Structure formats: structure tokens, C-alpha cells
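Please find below a colleague's note on the structure shown here. Comments are set out as numbered points.

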Amino acid sequence: MKGMLCALLVAPAALAAPRTAVLAMGNCSDADLLRDARLVRDLVEARLGAQVLTLDEFRRLVGEPPTGSLEEVRRTLARAEALFYADRPQEALVLLDGADAGLARLPPGTERWNAHAAALLLRAMTLSALRRREASDDAFRQILRLEPTHRMSASSYSPALRARFERLRQEQARSATVRLAVTSSPPGSTVYLDGLALGQTPFARDLTPGVYQLVLAGGGGWSFPRTVALRDDLAVHVDVAFERSVPATRELCLETSPDSSGVLPLGHPLRLGLLLELEQLVLVHLDRDGAGPLSLTATVVDVPTAQRTREGWLRVSRPGSIPDGVAELATFAVTGVASDRVAVQAPPSPPPPPPAPAAAVTVHADTARSWKTPTGIGLTAAGAVCVSLGVLFLVQGNDAAAQFNAAWAPGGGAPRPAQATELQALADEATSKQTLGLTLLGVGAAAAAAGVGLWVTDAPGKPGTSGALIVTPASLAIAGHLP
């Protein structure tokens, strides 16, 4: 009964815990940082359980790390070729499947593509030996769709096989295509499909429909591998600057460095948090100087609001060793409860917005009461109202535009794919209200000018007429005096 009661008490807490990831931030080749971040992650996971992102979940999205080398793949291909010539095609096909999986995890480039093309040629021969002619032709087509000038060696392949390859080349040239367009941040990144470099972003090419692996390279790093199923024209945008910050080892780490004020930028962590649909991040950073580690910091970030909620740090007294108080730092990250060894730094509070001043537009005229006077008052007041409403709509439209732009601001958070409808609504609202605001400003100015003109041309000499439009953040009023 006591165990059941404990379970009932713990379960609601686990369900209420936010989806969380613990990430190392800094130099992802720093063994001390990775060790300390893993320890904090284990301690946080002990408290939050399944709510903490695992390494396997992380790698399912960003791609697996290389599990072999190009030389290992080549050795596998050599064994598969020997099995084929030993009249054991089914066993050769199993090895070829393993070689393909290994190639897909290697960095793209000329050597990888050459190995991929050799594997496809061997697969085509093996499938022919198994009397699977259409699948064999598909293997040939996978080479020709990206390298239509590829030539089969006369010394390695039979005349019949080369004749089939040439016939498929001619068919491929006449086949229907779809367009793939790729852009990137920053531009100028190299575009690789199935390991073959095809150009730089902005990139566009007509390709045979099918499934491709897309990887971009730029700034000394690689984007996440993407499986692109081309059926219709497709446009893809890749944030290479963000994706290359995830190391090739696929550790739960982001390559970054503090800014000039010593603060870790949140742009890349927030993008990752949105991509992984997380609610909270615990960022673990190791501060160093020339002599070694100084402190281990844990920063808790709320992903939906992009705000640092709390930050605590431990002093590192012995370089190369686990800092004293790591368990207390993990407790602080989860609960906000500090200890004597955890120094707490409160996140800065945003300054309160300044009060909006009242605005007033006042017009006076000293004229005789004729038809021009009340008409002028009406036109001037109506013009002032239009101008004020125009200003109001412009402010609202600019605010919507600012919210839309903030979702894509450099160094800020990237929106969830599910936010596309909301962002489109913001863009439409900004356009419509800015257009309406400018129209009202123009109409109001014309009306006010016409009204003032009527006042000026009316006969003077009688008690004056005055009117005023008063606009405040909470009210709109018209005041006037007729003799």
C-alpha cells in the first residue's frame, strides 16, 4: 500500500515536468565539458525520468554519427564482389545493403560518390544474376540521374551490361523531371546529393523524381542529412550555420562561444529546442582561462518564451576532476533550490515600457457662421479622426510585422513548423493594417486640408469657431465651440 501511495504521488509530478534536454555548450571536443554535461544529464534524468531527451532520440533527428570509414566500406564492397563472382549473389546483396548504410553516414565528397557508384554497379549486376531486371535497371538509373556522363569500364563490365547502361542513359535524358531549389543561411554552401557535389546555394536543378539524401557543407561543417522525396517541384531552406554547430560525433552538445560580454548566445539552442519540440533546456557550460577550468555553469532556458529562467554555477577547484557539488547544481536546475556551493545569478529583468503620451490635434478658426464654417469643422474633424486611425492601424501593422520578423531574427529562436499558419496570419495582418493605415492617413490629410481651406475663405468678423480632436491610449474625443 505504501509503495502504491508513493507511485500515485510521483506520477503526477512526472507528468507535469516539462520536456527537457540537457546540452553541453562550448567546445564539443572538450572532454571535461562533455563528462560534466553527461553527469548533469544523468542527475536531471534521475529526477525527471522520461521527460529528458535521450541521446538516441536526439540522433534520430540530427543523424547518426559515422560508424565506420570509407576504407571499411571499400573492403565490404570487395567481399561482396568476390561473393558475386563465386556465384553467391544473395549473400553479396546482403553485404551491399550494409555498405549502402555505411556510405549514407559518411561525409559527402568525391570519394564517397565514387564508392557509391561502384556499389550501385555491383548491385545492378547482382540483381541481374537474381533475374530482377527492373530493380537492376533502377540501380543504374540512380547513377545516371546525378551523373548522366558516367561511363562503365570496358575492362570490368560485359558488353551486354554496358549496352543496357547506354540504353538507360538515353531513356533518362528523355524522362520527366521536377525542380529542386535549395537555399541556405549563409548562402554559398555546397549542395551534395547522395554524396555528389552539384553546386552552391542558391541552387536549382531539374532532377528525375526519386529519393535523395541532401547534405549542405559550409563554414567548416555539415548540415543534418535530409531524405528528400522528389515527386513535384520542391524548395528547401537549410540553416547551415545552426546545423553545423552540432558536432559530427552527434553528442548532445552545441559548438558555441560566449559573446564579448561573456554571455552564451541562445539562438542555436532555441532553434534546436523548437526543432525537438522541447519546453525547457538546461545548458551546461565550462568557463576556462589559460590555466584551466574556472567554473561549471547550468543555465535553464524556457523555450516557448526564449527566456533564461535561472542560472547557477560551481567553482572548479581541481582541473580535470569532477567539480564538487554537481548533484546540487543538477538539483538547482530542476527545482531552483540552491545550496552553499551553488552560486545563483538572477536573470536580468526587462525594463518596464515607458507610458504612452497623450496626443492631441487641435484646430481653431475665427470665422462668421456660414455654411463653410460647419462644413470646414466637419471635414477637419473627420480628417483628424482618419489621421489618428491611420496612425493606430500603422502601429498595429508594424507590431504584427515585428512579431513575424522576430520569429526569424538572426541569433533568435526559429519557429516550430506548426506555427506556419500563425506566422502567415501575422504577415497578412501586417500587410492589411499597414495598407489601411497609409490610406487613412492620405484621406485624412486631404479632408483636413479641405476643411481648413473652407475656414480660411469664410467671412471674418464674427465670434470664432473652434474644434479639437483629443487622442489618448484609452480614449478618443472631439471637442468644439460654435458661436
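This is a predicted model: local features need pLDDT of at least 70, side-chain atom pairs count only at pLDDT 80 or more; totals for chains, interfaces and linings use all residues.

1. Residues are numbered from 1 along each chain as its sequence is written, and side-chain values use heavy atoms, with hydrogens and water left out.

2. C28 and C253 form a disulfide (a pair of cysteine sulfur atoms within 2.5 Å), with an S to S distance of 2.0 Å. The pair ties together parts 225 residues apart in sequence, because C28 lies in the loop between β1 (20-26) and α2 (31-48) while C253 belongs to strand β10 (residues 253-255). Helices (H or I, at least four residues) and strands (E, at least two) are DSSP runs, numbered from the N terminus. The link of C28 and C253 is left-handed, at -95 degrees about the S-S bond.

3. Among the buried residues of α5 are P89, L93, L96 and L103. The buried residues of this helix pack against α4 (70-85) and α6 (110-129), contact meaning heavy atoms within 4.5 Å.

4. Helix α10 (residues 267-275) is largely enclosed by the rest of the structure, because 7 of its 9 residues are buried. These include P269, R271 and L274. Just after α10, E277 takes a positive phi of about 55 degrees.

Notes
Buried means under 20% relative accessible area, exposed over 50%, partly exposed in between (1.4 Å probe, protein chains only).
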